[in-house]
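User: I have a structure open here and would like to talk it through with you. Could we start with the overall picture and then go into details?
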Amino acid sequence: MAKSKDFAAWWYRRGRFGASHIVLGVIAVTMLVPFMWMVLASFKPLQEVEQLNPFPSQWRFDNYSRVFEQVPFARYYFNSIFIAAWVTFLTCLTSAMAAYAFARLRWRGRDTVFRLYLATLMIPGVVVMIPNYTIMVKLHLLDSYTGLIVPASFGAFGTFLLRQFMLTIPPALDEAAAMDGASPWQIFWDVVMPLSRAGLVTLGIFTFLGSYGSFFWPLILIKSEHLRTLPIGMLFFDTVYGRQTNLIMAASVMNIVPLIILFVAAQRHIVRGVQLGAVKG
Amino acid sequence: MKSRRHELRAALGFLLPNLLGFLTFTAGPVLFSLVVSFSNWHLHRTIPFQWIWSGNFLALLRDPQFIMYSLNTIYLMLGLPLAVAGSLALAILLSQRLRGIVVYRTLFYLPTFTAGVALMLLWKALYNPEFGAFNAVINRALDLAHADQLVRSLGGAGVSAPTWLLSTKNLWGLEAEYVRVGPGQWGLGARDALIIMGVWIAIGGNNMLLYLAGVANIPTELVEAAQLDGAGRWAIFRNVTWPQLAPTTFFIVVMSCIGGLQGGFEQARVMTQGGPAGTTTTIAYYIYTKAFEEFQIGYAAALSWILFSAIFVITMINWRLGSKELSY
């Protein structure tokens with residue numbers, strides 16, 4: 001008797017889990033199909049892109065090399081990664097230093113300044129874009145790496161995130177280091193920074209992502225071809241060669257492959273980072 | 001006393017690099033843009049500079065485009081409740097002890113993680129009325145069903161696949177240029193296409209991860225107690241899960257509203273140029289065209305402050321409602 005009841009429970013659970021798998025599977029396929037279409041279209045001859053048959057009749061691997069022939073795609077890659085690397089480095093360093101001053105040092109006016117930082121988090125980016133653009137015009141930094149890197153490297157957000165992180169590190173540690181005669185810089189660099197590694201990695205990943213995908217600022221700042229980043233280069237490619245859907249898809253695939261590699265490599269950090277509120281907006 | 005002064009100097013040293021950048025590129029520009037919004041500043045044309053005080057703001061109230069683009073922005077935000085509800089449903093499904101959870105989570109998160117110009121070009125290609133994959137499927141289905149002849153024989157005007165990003169039609173039947181329901185405007189158009197894409201991108205994204213964390217934090221005793229009382233799954237959701245997730249939902253709604261109000265720029269620039277007939281132009285895209293295509297810096301600054309005020313007010317309202325909701 002008991003056995004049949006167990007069996008019923010097992011059957012019920014199996015049915016429920018089966019139904020969950022069906023729902024989740026259907027949604028997973030919905031997520032995946034556009035990506036599959038993109039990859040398959042990137043290998044097709046142009047006239048086959050519009051056909052219902054998902055697979056190319058002949059695999060055109062040279063679509064990818066043709067992208068490099070038509071636009072300086074390698075340059076776009078370099079620019080995007082070069083700029084993102086600098087922005088990430090500067091943001092992490094300056095945010096960590098500021099966060100240390102807010103979380104660990106006691107000084108008059110600290111909370112007022114911090115509240116000023118917090119207050120700017122709600123301001124839409126476009127409010128500051130307009131004056132920043134005119135500043136760049138005045139400083140003759142339009143169309144330069146400096147103009148692309150520097151204004152993006154001082155977010156209040158990173159400071160806020162790392163401050164929250166540093167507050168969880170026991171203060172006894174830096175008090176002990178101070179007793180041993182360590183200077184504030186030594187405490188920062190040798191005690192607090194190593195313990196903030198997880199927070200720095202999280203901030204680093206999301207800053208890199210934000211810069212790699214950033215669109216508005218490069219769009220208004222870049223005039224010459226050799227400075228174009230991937231998003232701007234792709235937009236230009238689409239405007240000029242937009243009819244060649246197969247090549248556009250090849251370029252899109254090349255654009256998102258580094259992101260997929262990053263996600264697979266750092267998934268744990270990314271998921272936790274989102275759950276800690278590391279993503280703005 | 002001496003050590004405190006020492007700390008102040010150290011703090012200044014640590015703060016300085018970031019503070020300088022913050023003052024130059026964030027705090028300063030915010031004030032600067034407020035000041036500029038009271039002027040008629042034009043960047044490239046030789047209109048004499050003048051303080052016109054409330055002039056830009058009064059002009060905004062009479063700017064029919066501003067009103068239309070505000071409504072477009074709100075229209076495009078209609079996908080948000082759908083995406084949030086979907087994220088919640090997915091998070092609850094993923095919170096069961098199932099095999100392959102990480103695989104599902106990865107696939108669901110993929111569109112959010114890769115979102116950007118590349119994905120927008122992909123969706124632009126998918127939506128292409130002649131060559132796109134969507135209409136290839138829809139046209140085949142209509143052919144197989146003989147839908148066009150069927151509707152014509154019943155006296156209708158015939159059926160054809162939507163033209164997506166090229167169409168001003170919409171699910172609410174609104175006219176493109178005026179705020180009223182127009183004949184023949186009912187259907188699927190550019191705005192709906194952008195909403196569908198937005199839901200696809202966002203449904204398994206950050207909100208789902210936040211809900212997953214929220215569900216994981218619900219004390220198991222609460223669920224077990226409810227089960228012992230014989231509560232069904234819906235009752236558990238209604239009385240345990242949903243109230244326990246209220247802070248998460250509140251955060252997500254606030255962030256979605258903030259994001260939605262200032263959103264729509266990238267899609268408009270990459271996929272539609274704000275068209276057709278301005279139906280996909282949002283406030284953010286309007287500011288961009290005013291500032292960086294027409295160089296009316298003063299007017300654009302005023303617009304951006306109106307946008308900021310709207311975000312501020314809505315956040316405050318959410319806060320009020322939220323704290324009332326959360327207090328019991």
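**Talking through the two chains**

Analyst: Let me begin with chain B of this predicted model: a compact globule of 328 residues would have a radius of gyration near 20 Å, whereas chain B has 25 Å. Along its principal axes, the C-alpha trace of chain B spans about 85 × 65 × 35 Å.

User: What is chain B built from, helices or strands?

Analyst: Chain B has 16 helices and zero strands. Buried residues account for 41% of its 328 residues, and of the contacts in chain B with a separation of 6 or more, 63% are between residues 24 or more positions apart.

User: And what pLDDT does chain B average?

Analyst: The average pLDDT of chain B is 89, with 97% of the residues scoring at least 70. For the model, the scores are ipTM 0.91 and pTM 0.92.

User: OK, over to chain A. How many helices does that one have?

Analyst: Chain A has 13 helices and, again, zero strands. Its radius of gyration is 25 Å, well over the 19 Å that the globule rule gives for 281 residues, so chain A is more spread out than a compact globule. The C-alpha atoms of chain A fill a box of roughly 80 × 70 × 35 Å along the principal axes.

User: What share of chain A is buried?

Analyst: Of the 281 residues in chain A, 41% count as buried. Among the contacts in chain A with a separation of 6 or more, residues 24 or more positions apart account for 75%.

User: Which domains is chain A divided into?

Analyst: The assignment gives domain 1, covering 2–62, and domain 2, covering 67–275. The contact between these two domains takes seven residues from domain 1 of chain A and seven residues from domain 2 of chain A. On the side of domain 1 that touches domain 2, the residues divide into five nonpolar, one polar and one charged. As for the distance, the C-alpha centres of the two domains of chain A lie 35 Å apart.

User: Can you pick one helix in chain A and describe it?

Analyst: Take helix H7 of chain A, residues 156–167, which has 12 residues and reaches 17 Å from its first C-alpha to its last, close to the 16 Å expected at 1.5 Å a residue. H7(A) is mostly covered, with 10 of its 12 residues buried; these include A:Phe157, A:Phe160, A:Leu161, A:Arg163 and A:Met166.

User: Now the contact between the chains. How many residues does each chain put in?

Analyst: Chain B contributes 68 residues and chain A contributes 68 residues. On the side of chain B that touches chain A, the largest share, 19 residues, comes from helix H1 of chain B, residues 2–36. The residues on that side of chain B divide into 51 nonpolar, 14 polar and three charged.

User: Why does B:Thr282 count as buried?

Analyst: B:Thr282 has 28 other C-beta atoms within 10 Å, and a residue is buried if that number is 20 or more. Leaving aside neighbours within four places in sequence, B:Thr282 is in contact with B:Tyr69, B:Asn72, B:Thr73, B:Leu76, B:Gly263, B:Gly264, B:Phe265 and B:Ala268. By contrast, the C-alpha atoms of B:Thr282 and B:Thr241, 41 residues apart along the chain, are separated by 36 Å.

Note on methods:
Residues numbered from 1 in each chain as written. Chains lettered and ligands numbered in written order. Predicted model: local features only at pLDDT ≥ 70, side-chain atom pairs only at ≥ 80, totals over all residues. Helix = DSSP H or I, 4+ residues; strand = E, 2+ residues; numbered from the N terminus. Expected span 1.5 Å × (residues − 1). Rg over C-alpha atoms; globule rule 2.2 N^0.38 Å. Nonpolar A, V, L, I, M, F, W, Y, C, P; charged D, E, K, R; others polar. Domains from an automatic or database assignment. pLDDT = per-residue confidence, 0-100.
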